[in-house]
Amino acid sequence: MTAIDYLMKIHIAAGITALATFLVPMVTAKGGVAHRRVGWIFVAAMAGLFFTGAPASIYRLATETRPGVRASASFLLFVTLLSGASTWKGIRVLRFKGAGRNVHAMDISVAVLLGLGSVFMLYQGVMLKSALLLFFAALGLAGSVSDLRYWLNPDKPKMHWFFEHMGGMVGSSIAALTAFSAIGARSLGFGSFGLIAWIAPTVVFV
């Protein structure tokens, strides 16, 4: 069994854990024991998805020469970045409950990296004439701009961190549901990149 095979096993386990836990923090008392404990399990699962999905996609980009496979790998890498950025912000806002500007290098870097990835995905979407890539590129650009505006805003509204935390965690939950939807669509013979399977969780959950 190769290192990539091990990564994929961990990736699948993390995905199942995220799917099994995402709803609990939403329906339990905010700040309560269940909310915090299960919430951290969900965050750990999303971190597991990021740190296994990103290397696997990068490996495919480094070893594959087929254009279609490379395009799929770059898309999956971008989706990993998108979900990771959402989870990161959802957690980080709890450390910055004040109303001032936040210029921490890591927070700004994550938002900028998401923006750069979105621009590349937009380019690929135009070149490949892919509505799926264009849809996710738009999501990424909107998220990047929103994150930068939030971090750099020196006059944040009251309870800003609460709503941003909810938004980040809901975004992460959508990512977990999207993966489940896409895998289910492939199992039913609709293809691994069926447009509806990838977009439906975002549309319904929002």
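This is a predicted model: local features need pLDDT of at least 70, side-chain atom pairs count only at pLDDT 80 or more; totals for chains, interfaces and linings use all residues.

Modeller: Residues are numbered from 1 along each chain as its sequence is written, and side-chain values use heavy atoms, leaving out hydrogens and water.

The protein has 8 helices and 0 strands; helices (H or I, at least four residues) and strands (E, at least two) are DSSP runs, numbered from the N terminus. A salt bridge is a side-chain nitrogen of Lys or Arg within 4 Å of a carboxyl oxygen of Asp or Glu, and the count by this rule is 4.

One of them joins aspartate 147 to lysine 89, with the closest N and O atoms 2.9 Å apart. Aspartate 147 belongs to helix α6 (residues 131–152) and lysine 89 to helix α4 (residues 67–92), so the pair ties together parts 58 residues apart in sequence. Buried means under 20% relative accessible area, exposed over 50%, and partly exposed in between (1.4 Å probe, protein chains only). Aspartate 147 is buried, at 10%, and lysine 89 is buried as well, at 6%. Salt bridges link Lys89, Asp147 and Glu164 in a network.

Arginine 92 and aspartate 107 also meet in a salt bridge (2.9 Å, N to O). This pair links distant parts of the chain, with arginine 92 in helix α4 and aspartate 107 in helix α5 (residues 105–128), 15 residues apart. Both arginine 92 and aspartate 107 are buried.

Glutamate 64 pairs with arginine 66 in a salt bridge, their closest N and O atoms being 2.8 Å apart. Glutamate 64 is partly exposed, with a relative accessible area of 22%.
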